[in-house]
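Hello! Please keep the coordinates open as you go.

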Amino acid sequence: MKLKLVLTIYLIISILACSTDLMMKPITIENIDLSLVNDGIYNGEYTDEKSLEMSEVEVTVKDHIIESIVVLKRITTPVGKKGEYVITQVISAQSLQVDGVSGATMTSQITLKAIEVALKKGLKQ
C-alpha cells in the first residue's frame, strides 16, 4: 500500500515536471567569448523564478578553455537531474550554444545560465 502511494506521488511529480518544461519560456543564454575570459575558478548561480529550480556551479578556465564544471548545489525534480548532462556538452563544445537534454529542458537551461553567470565573472575588464 505504501509502495503504491509512493509510486503514485512519484508519477505525479514526474508528469508535472514534464508539463512544466513545456509551459516555461526559454531562458536566453548568451554565448561567452572564451578568449576574453581570464584563467580562474568562477562560481555562478541561477534560479528560475517560476519553477524555483536552481543550479550553482563552479567553472574552471585555463588558457581560455573550460577545464571543468562542477555542480555545487541544485534544486530540481528527479527527472530534471539528467539535464546536468549539458555540462559534458559545454566542455566538449567549449560553448554555451549546445542543445538541451530532452525531458530536462528547464534544468539544462538553468544549468547553462549558471555557467554563463560564472564565465561573465572572468571576463577581462
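1. Let us begin with Lys-113, which counts as buried at 15% relative accessibility. Buried here stands for under 20% relative accessible area, exposed for over 50%, and partly exposed for the range in between, with a 1.4 Å probe and protein chains only. Glu-116 is buried too, with a relative accessible area of 1%.

2. A word on the basis of these notes: this is a predicted model, where local features need pLDDT of at least 70 and side-chain atom pairs count only at pLDDT 80 or more, while totals for chains, interfaces and linings use all residues. Residues are numbered from 1 along each chain as its sequence is written, and side-chain values use heavy atoms, leaving out hydrogens and water.

3. Lys-113 and Glu-116 are also partners: their side chains form a salt bridge with an N to O distance of 3.2 Å. The term requires a side-chain nitrogen of Lys or Arg within 4 Å of a carboxyl oxygen of Asp or Glu. Both residues lie in helix H3, 3 residues apart, about one turn of the helix. Helices (H or I, at least four residues) and strands (E, at least two) are DSSP runs, numbered from the N terminus.

4. Glu-116 has a further partner in Lys-120, with the closest N and O atoms 3.0 Å apart. This pair also sits within H3, at a spacing of 4 residues, again about one turn of the helix. Through shared partners, salt bridges join Glu-30, Lys-113, Glu-116 and Lys-120 into one network.

5. Lys-120 is partly exposed at 32% relative accessibility, and Glu-30 is partly exposed at 40%. The salt-bridge count comes to 3.

6. Searching the whole structure gives 1 cavity of 30 Å³ or more. A cavity is a set of points, on a 1 Å grid over the protein atoms alone, where a 1.4 Å probe fits but cannot get out; lining residues have an atom within 4 Å of a point. The largest cavity has a volume of about 30 Å³, taken as the space filled by probe spheres set on the points, which are joined across faces, edges and corners.

7. Who lines the largest cavity? Among the lining residues are Glu-53, Arg-74, Glu-84, Thr-107, Ile-110 and Thr-111. Strand E2 (54-62), strand E3 (65-75) and H3 each supply at least two residues of this lining, and the largest share, 3 residues, comes from H3. By class, the lining has 3 nonpolar, 4 polar and 3 charged residues, where Ala, Val, Leu, Ile, Met, Phe, Trp, Tyr, Cys and Pro count as nonpolar, Asp, Glu, Lys and Arg as charged, and the others, Gly among them, as polar.

8. Finally, the sheet: 3 strands form an open, antiparallel arrangement in the order E1-E2-E3, pairing being defined by at least two DSSP bridges between two strands. E1 and E3 are the edge strands, each pairing on one side only. Between E1 and E2 there are 8 bridges, and Gly-40 has Val-61 in E2 as its bridge partner.

Methods: On a 1 Å grid over the protein atoms alone, a cavity is a set of points where a 1.4 Å probe fits but cannot get out, and a pocket is an open set with protein on both sides within 12 Å along at least five of seven lines; lining residues have an atom within 4 Å of a point.
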